Amino acid sequence: MSSLYSRSKDLSSRSRKSLSDSPPSSPSPSTKTFRQDRVSSRPDSSGVESPSDRLSARTSTYTRRENRLTSLSKTEDDSASKDYKKLYEDALTENEKLKSRLKDSKQELTKIRSQLERVTQKQDRISERSSVFESEKREKEALEKRVSDMEEELKVLTELKSDNQRLKDENGALIRVISKLSK
């Protein structure tokens with residue numbers, strides 16, 4: 001009997017480990033043997049087991065097993081629903097982070113667009129100024145050329161006046177010589 005008890009104890013510790021380590025499933029052959037040994041090792045008060053006792057023992061064993069499996073599945077369902085809830089909360093948190101990043105990106109984009117607009121306006125003003133500056137520069141060059149042309153004409157005109165005066169003086173001298181000769 002002591003060897004049966006020690007064997008039962010060894011099988012009991014193994015089956016507990018296998019039940020706790022693995023997911024619930026149909027009983028393994030060693031578990032079936034253990035249960036049969038356990039059931040057969042329980043004598044009733046008379047020392048003889050009746051078939052009804054075996055049936056009630058099996059029924060209670062199966063009932064306990066089903067209760068245990070049900071509680072495990074409920075625990076798994078609870079943990080699964082908690083996992084879904086956690087996943088949902090994580091997804092919401094990530095969505096909020098992404099929304100915040102999107103909002104920041106939109107604000108940054110608006111800021112960059114306004115900066116780009118200002119730079120474009122400055123370049124337009126600079127190009128307008130440069131075009132105005134270029135046109136003013138061309139006008140200035142044209143005026144300077146016109147002034148230099150007029151100065152040249154003035155010099156030529158002054159030379160012509162002096163030549164004209166000289167010719168008048170010579171003409172007057174010739175007229176006096178001719179009038180003296182004709183007298």
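**Charged pairs and a surface patch**

Modeller: Please keep in mind that this is a predicted model.

Biologist: What makes Asp90 and Lys86 a salt bridge?

Modeller: The closest N and O atoms of Asp90 and Lys86 are 3.7 Å apart, and because a salt bridge requires a side-chain nitrogen of Lys or Arg within 4 Å of a carboxyl oxygen of Asp or Glu, the pair qualifies. Asp90 and Lys86 lie four residues apart in helix α3, so about one helical turn separates them.

Biologist: Why is Asp90 called partly exposed?

Modeller: Its relative accessibility is 39%, and since buried means under 20% and exposed over 50%, with partly exposed in between, Asp90 is partly exposed. Lys86, with a relative accessible area of 48%, is likewise partly exposed.

Biologist: How do you know that Asp163, Arg166 and Glu170 belong to one network?

Modeller: Arg166 forms a salt bridge with Asp163, the closest N and O atoms being 3.7 Å apart, and Glu170 forms a salt bridge with Arg166 at 3.2 Å. Both values fall within the 4 Å cut-off, and the salt bridges share partners, joining Asp163, Arg166 and Glu170 into one network.

Biologist: Why does Arg129 count as exposed?

Modeller: Arg129, which is found in helix α3, has 57% relative accessibility, and because exposed means over 50%, Arg129 counts as exposed. Arg129 also gathers with Arg118, Lys122 and Arg125 in a patch of positive charge on the surface.

Definitions and conventions:
Residues are numbered from 1 along each chain as its sequence is written. This is a predicted model: local features need pLDDT of at least 70, side-chain atom pairs count only at pLDDT 80 or more; totals for chains, interfaces and linings use all residues. Side-chain values use heavy atoms; hydrogens and water are left out. Patches are made of residues with over 30% relative accessible area and no salt bridge: like charges are joined within 9 Å, nonpolar side chains (Val, Leu, Ile, Met, Phe, Trp, Tyr) within 5 Å. Accessible areas come from the Shrake-Rupley method with a 1.4 Å probe; for residues, only the protein chains shown count as cover. Lys and Arg count as positive and Asp and Glu as negative; His and the chain ends are not counted. The place of a charge is taken as NZ of Lys, CZ of Arg, CG of Asp or CD of Glu. Helices (H or I, at least four residues) and strands (E, at least two) are DSSP runs, numbered from the N terminus. Buried means under 20% relative accessible area, exposed over 50%, partly exposed in between (1.4 Å probe, protein chains only).
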